[in-house]
Amino acid sequence: DDGGEDTSREGDVIDRPIIAAVPRDHIYGLTRKGEAKYGKVSPSFNAGAYIVHLERWRDRAMGSYIRNITLANNKERWYFLGSQPPLNIAIGPHFEWLSRGWNVKAKRVKSGFKTKA
């Protein structure tokens, strides 16, 4: 045990997926401490495009659960990249797989958008 806050859901059997997403081999954006705690969560998923079963999401109080992971991260520093890691930590490998065709790859992305006054 690393002494950090418990964010696991041991015994919470996920027999029907909450989301469907494109799988990938690991959670991106974890710190060394996060790798030690969550690095074995595989597969993870790309949260760029995913489908949520909202009734299951609400029934399992996923919003609160993910919020608790995010708040615990303020102290524990498991990850450093926005919303992707807490979703992967909360869902783990319990998701329905979508084909890679669901991902969209931009050919060119512009930064520094300017608005007209």
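These legends accompany close-up views of a predicted model. Residues are numbered from 1 along each chain as its sequence is written, and side-chain values use heavy atoms, with hydrogens and water left out. Local features need pLDDT of at least 70 and side-chain atom pairs count only at pLDDT 80 or more, while totals for chains, interfaces and linings use all residues.

**View 1. Strand β1 and its two partners, β2 and β3.** Strands here are DSSP runs of E with at least two residues, and helices are runs of H or I with at least four, numbered from the N terminus. Strands pair if DSSP finds at least two bridges between them. Follow β1 (residues 19–24): 6 of its 6 residues are buried, so the strand is largely enclosed by the rest of the structure. Buried means under 20% relative accessible area, exposed over 50%, and partly exposed in between (1.4 Å probe, protein chains only). With β2 (residues 44–52), β1 pairs in the antiparallel sense over 6 bridges; look for Ala20 opposite Ile51. With β3 (residues 96–97), β1 runs parallel, joined by 2 bridges, and here Ala21 faces Trp97.

**View 2. The aromatic pair of Tyr38 and Trp78.** Rings of Phe, Tyr and Trp (its six-membered ring) pair if their centres lie within 6.5 Å; planes under 30 degrees apart are stacked, over 60 edge-to-face, the rest tilted. The structure holds 4 such pairs. Tyr38 sits in helix α1 (residues 32–38) and Trp78 in the loop between α3 (62–76) and α4 (84–91), so the pair ties together parts 40 residues apart in sequence.
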